[in-house]
Amino acid sequence: MCGLCGLLGEDVHWSDPLGDGLPRRRERLSRIVAINKVLAPFRLKVEDFQGVSYLLLGATGKQELATGLDQLWQRAETLIGRALDPLDPALLNQLECGS
Amino acid sequence: MSIALNVITGFLGSGKTTLLKRLLSDENMGDTALLINEFGDVGIDHLLVEEVAPDTVLLPSGCVCCSIRGELRDALSGLLERRGRGEIPAFRRVILETTGLADPAPILATLNNDPHLRGRFHIGLVVTLVDASHAEMQQRLHPEWLAQVAAADRLLISKTDTVSPEQQQVLRARLHTLNPAPVLDSADIHSGDQLLLGEGLRSAEPAHEVARWQLHRVQSTPARHGDAQVCCLTFERPLDWIGFGVWLSMLLRCHGERILRVKGLLNVNNSQAPIVIHGVQHCLHAPVHLPAWPSDDHTSRLVFILRGLDADQLRRSFTVFSQSLAPMTNGAAA
């Protein structure tokens, strides 16, 4: 826990950075860039919150706070009201157009 | 030091308790604590192994996979406390015998996600027994059978004397196409050493375990076994770990129960040595760094055992995500 702000650290996850090639904060920002590419077709946006959580922003102003990737996908599904399926052909087509 | 929790699973009547009795009679298994999970109000199995393992802890109230994750946590914590107080001898490993109806994935998830257990216990090996005489029917009728077989690090065929050598051969071939784990005859196993219980990805020699996975022999086959299918992804270019984590976490969140097993040997950006990942359904273990590549072939390999999921869709999804989420190089950005 951060002694100054009282925030708990991010939970351990298998997708955490493998080495110390990049500063942890920079790895996290790279991950947020990747997540935003995936969520853009759903009109969702993610921002970093204090280096430990993700702030999900919906197109209508709804917001959700999530800790870790698993919770992030769960909260994103709550905001869009359906499953976030990485096999969905429509999502894959949009990603292909955007890349 | 973290203690290995080995799981012995297999459908009802597949010979789990018989195997346990043989294993626990081995003098090298003396430093093993035993947890037995039973389905039903009155536990019987613990009476069968009591002679050889008097400190057996019975998890009586149902199936490990659905109702007693908390009870599993309590039993494991209880073992540590009793050991700390000197009530039971120090043990080096724990064996959990599941009910025949248990899906192993939630057991693994309990160990991975519980902050109290994480760091004190890790998953050793999952050993699955397959009843030779009833395997075909069980696969057809009971979805748990496939989940147990897919999760296995060691597959043991029991009751081989009840089927012909030809039928046994067919079963072995079928198991091999479902899961490339080593297949052994349960009757030949009399000690933990024969099962290589001391090994596994968290041992001192993880490369030996990865070699046993035989990833380089796995081919994606259009042939299905029931609704199960193996999908093998291979790729030459080093993988961007951040993008891969985003894709796989999203995939497991959405389709975890249809991805019975995932194993991979990965060539990752900025890493000289390979990274090994493995998981069962929603639960992926912490990646393991191997000291070196097993050969000159540095191709990444990812093997999925799927149930009711289209392998071509999975392959396309992986390709599109890899291309879309790859970090822009200077050349690409220009």
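In chain A, 29% of the contacts with a separation of 6 or more are between residues 24 or more positions apart, two residues being in contact if their C-beta atoms, placed from the backbone, lie within 7 Å. For chain B, 76% of the contacts between residues at least 6 apart in sequence join residues at least 24 apart. These values come from a predicted model, in which local features need pLDDT of at least 70, side-chain atom pairs count only at pLDDT 80 or more, and totals for chains, interfaces and linings use all residues. Residues are numbered from 1 along each chain as its sequence is written, and chains are lettered from A and ligands numbered from 1 in the order in which they are written.

The secondary structure of chain A consists of three helices and three strands, arranged from the N terminus as α-β-β-β-α-α. Helices (H or I, at least four residues) and strands (E, at least two) are DSSP runs, numbered from the N terminus. Of the 99 residues in chain A, 19% are buried; a residue is buried if 20 or more other C-beta atoms lie within 10 Å of its own, exposed if 12 or fewer, and partly exposed in between, with C-beta atoms placed from the backbone. In chain B, 11 helices and 13 strands are present, and 46% of the 334 residues count as buried.

Helix 2 of chain A (residues 68-80) contains 13 residues and reaches 19 Å from its first C-alpha to its last, close to the 18 Å expected at 1.5 Å a residue; the expected span is 1.5 Å times one less than the number of residues. Its buried residues are A:Leu69, A:Leu72, A:Trp73 and A:Ala76. They lie on the same side of helix 2 of chain A because they cover an arc of only 95° around the axis, the arc being that of the directions from the helix axis to the C-beta atoms. An α-helix has 3.6 residues a turn, so residues three or four places apart point the same way. The cover over the buried residues of helix 2 of chain A includes helix 1 (24-39), strand 2 (53-57) and strand 3 (63-66) of chain A, together with helix 9 (241-255) of chain B. Just after helix 2 of chain A, A:Gly81 adopts a positive phi of about 75°.

The contact between the chains takes 25 residues from chain A and 29 residues from chain B. On the chain B side, helix 9 and helix 10 (311-325) each supply at least two residues, and helix 9 of chain B gives the most, with 11 residues. By class, this side of chain B has 17 nonpolar, 10 polar and two charged residues; Ala, Val, Leu, Ile, Met, Phe, Trp, Tyr, Cys and Pro count as nonpolar, Asp, Glu, Lys and Arg as charged, and the others, Gly among them, as polar. The predictor gives the complex an ipTM of 0.91 and a pTM of 0.79.

Chain B is divided into domain 1 (3-198) and domain 2 (214-333), with bounds from an automatic or database domain assignment. Each of these domains of chain B contributes 17 residues to the contact.

Among the elements of chain B, helix 9 has the highest mean pLDDT (94) and helix 11 (residues 330-333) the lowest (38). Over residues 329-334 of chain B, pLDDT stays under 50.

Notes:
pLDDT is the predictor's confidence in each residue, from 0 to 100.
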